[in-house]
Amino acid sequence: MKVEAKTEMTVVQDVETGADLLIQSLIDENVDTIFGYPGGAVLPIYDALYRKKAAFDHILTRHEQGSIHAAEGYARTTGKPGVVFATSGPGATNLITGITDAMMDSLPLVIFTGQVSSSVVGTDAFQESDVMGITTPITKYNYQIKELSELPRIVKEAFHIATTGRPGPVVVDIPKNISQEITTGEYDQTMHLPGYQPTELPNPLQITKLAEAIEQAKRPLVLAGAGVLFADASAELKQFVERYELPITTTLLGLGSYPGSSPLSLGMAGMHGNYAANMAIYECDLLINIGARFDDRLTGSLQHFAPQAKVAHIDIDPAEIGKNVETVIPVVADAKEALKALLKKTIQIPEHGRWHETLQNNKEQYPLWYEQPDQYISPQRLIQQIHRVTKGEAIVTTDVGQHQMWAAQYYTLDNPHRWVTSGGLGTMGFGFPAAIGAQIGSPEELVVSIVGDAGFQMTCQELSVVKDRNLPVKVIILNNEALGMVRQWQDKFYDKRYSESILTANPDFVKLAESYGIRGVRVDREEDVATTLEDIFSYDGPVVADFRVCQQENVYPMIAPGKGSHEMIGVKK
Amino acid sequence: MKRIITATVQNRSGVLNRITGMLNKRQFNIESITVGASETEGVSKMTFVVEVNDDQKLEQLTKQLNKQIDVLKVSDITDQAIVARELALVKVVGSGQLRSEIQGIISPFRASIIDVSKDNLTIQVTGKPEKVDALIALLRPYGIKELARTGVIAFLRGQQPSQVTEINSVFPM
């Protein structure tokens, strides 16, 4: 290729640059959507994007945090990797919360950050930050491209690492000179990852052991986590559970992996889980954990966690097995493969009549409950009504706090990949941009974003994107003029000293929405809830709905901090 | 309990940072880490000496190391026949008479004096950490001006003792 000598500012026209090579590599990975925000160090990349416009849909968010949470929502609901572009320095550091969130919740993301030119890396140049240093502990893997020739291989490896095994975020840091460099011929794309071979197929011996344990168990229980969803193993899980009539509970992130309304389902377990589910964990003699990581919000005090149970744990990440809970039957495998292997076994199970009776009794005696006065809007009843109006079929994204727990409790999910929430990191500001990503990934689906008034204000600037793309996302604000969960803990554990948890100067959310050109509604009275919801969900476009709910309402039942799963408080009215 | 763990790793930039960061985050108590070239180009060998309280923590350590993308192999070699060596450089105060006295102390340790100046001398000692500890303790009264240790490097001996099957073992392996 004959190339004129070009200075840095020369406009690239026909030649291929590193940036073009990046775009081509993304096309090769079947990327169709990018969430991002331009800046100095990624100008060459955005220029290549402009020149190859037809290849991608680029969603311009209004803050990098919006990009990454949108990518998380997209990845969670579509199963495809979420791709993010950001510039160097502040662009990259604005992504940190989202990268950590994706790491904690195992979401496949590939994040491309610009970097200052190689020649000035390490000199504290303008908009330089040590992206490699900062992102090392919060990524599954990270790369800084040193030579242009590495780029196609690194992009390929990044997508491979992000999406296989236990998924996770991968950062690729690209110095500006690399994306500007003129390409010379073909580069080798062969992946070289000798230290990375996730185990997908289960050890048959362990499956036999698990089958034997099921045969012997008098009080078996299945715990399903997000691993079932990542493996797309809901059908196999359903078959397994129903063949042997095994009672099942899920984690917060495992909601939807098994139909919540099925008779075998005990609902969610954990800090704000159902009493029946937590008691089942306490009393079971065999706990089959499929793709959950025994997080502390699930287990409560480890000392009292499943004290009578033999624990079996199916997980694709061997490091999760035995990390928090002693495990007798470890199965390192993809959940789908493990379930398939289990389904091939003939298991003679004893009669579990009494066990089912106990669980059924707990379900009937100790259902979820809440106060139902008429003078204010009950947040729990509001979620139930959203469930009714949307027939339980919406994709639901939540922020973090009380409304998140109420959504988990009352928006019963019967289908997988429709629940988007920040579990491990508990990131306020996550829910609304995640809904944008979910809606872009599934344009035909109804996407409801249930948020609190506090969390929504952390990322509400993304209303611009909703307007820009006319995304019919329905934002339901459970507005209690407080940081509800903080207020609840102060109420219960800090003698009602509401330190900095009451929001006295909220915006008018209707006017806020309208200022972005989006329909806003406000509901103050319980009797208007039903008709407003009908109206919102039949409206063909985005809506921000401000529901004034009771501030004093607390989330129950609850495992208090340091307590065991059998010591729930607020179990009955 | 003290364990010696070795790992072979891909020699990529940031690998040491990623591993030490993980160990720090997960609160593993590291006594020493060494890293250097191995017999294969592009592959480095790391040796960790760690203090762990129980088997569960030890298992977590090896699993978390194995989980790293750049880590090729992890072995806990503590209970096997191994060769383990550390090198230390010790600068002690010593002139005149003291020099020959120090020479007498270090010779059973097969240590050697590698630098001498007017008021001090530098000793090089190689061996297991306990031996290095012992020599340092003996030299301390003379006044140690400077001390540097490399940390342990170790691998398996060429020949391992044959496996002994316990006669009363219920589950012979």
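I took each helix axis as a line fitted to C-alpha atoms over the stretch in contact, with angles running from 0 to 180 degrees between N-to-C directions. Helices (H or I, at least four residues) and strands (E, at least two) are DSSP runs, numbered from the N terminus.

I note that the model is predicted: local features need pLDDT of at least 70, side-chain atom pairs count only at pLDDT 80 or more, and totals for chains, interfaces and linings use all residues. Residues are numbered from 1 along each chain as its sequence is written, and chains are lettered from A and ligands numbered from 1 in the order in which they are written.

**Entry 1. Helices 16 and 23 of chain A**

I looked up helix 16 (residues 379–389) and helix 23 (residues 526–538) of chain A; their axes come within 10 Å and cross at roughly 45°. That makes helix 16 of chain A oblique to helix 23 of chain A, where angles under 35 degrees count as roughly parallel, over 145 as roughly antiparallel, 65 to 115 as roughly perpendicular and the rest as oblique. I recorded the crossing of the two helices as right-handed; the term applies if the near helix is turned clockwise from the far one by less than a right angle, and anticlockwise is left-handed.

From helix 16, Leu382(A), Gln385(A), Ile386(A) and Val389(A) meet Val529(A), Ala530(A), Leu533(A), Glu534(A) and Phe537(A) of helix 23. Two residues are in contact if their C-beta atoms, placed from the backbone, lie within 7 Å. By class, I listed seven nonpolar, one polar and one charged residues in this contact (Ala, Val, Leu, Ile, Met, Phe, Trp, Tyr, Cys and Pro count as nonpolar, Asp, Glu, Lys and Arg as charged, and the others, Gly among them, as polar).

**Entry 2. Helices 1 and 2 of chain A**

Helix 1 (residues 18–28) and helix 2 (residues 43–51) of chain A pack at an angle of about 60°, with axes 8 Å apart. The two helices are therefore oblique to each other. I found that Ala19(A), Asp20(A), Leu22(A) and Ile23(A) of helix 1 make the contact with Pro44(A), Ile45(A), Asp47(A), Ala48(A) and Leu49(A) of helix 2. This contact has seven nonpolar, no polar and two charged residues.

**Entry 3. Burial in chain A**

I checked helix 17 (residues 402–410) of chain A and found eight of its nine residues buried. A residue is buried if 20 or more other C-beta atoms lie within 10 Å of its own, exposed if 12 or fewer, and partly exposed in between. Among the buried residues of helix 17 are His403(A), Met405(A) and Trp406(A). The buried residues of this helix pack against elements including helix 16, strand 13 (395–398) and helix 21 (484–493) of chain A.

**Entry 4. Chain B against chain A**

I noted that the contact takes 16 residues from chain B and 15 residues from chain A. On the chain B side, helix 2 gives the most, with six residues. The residues of that side divide into three nonpolar, seven polar and six charged.

**Entry 5. Backbone details of chain A**

I found a cis peptide bond joining Tyr556(A) and Pro557(A), with omega about -10°. Asp232(A), although not a glycine, has a positive phi of about 55°. With 15 C-beta neighbours inside 10 Å, Asp232(A) counts as partly exposed. Glu500(A), also a residue other than glycine, has a positive phi near 55°. With 9 C-beta neighbours inside 10 Å, Glu500(A) counts as exposed.
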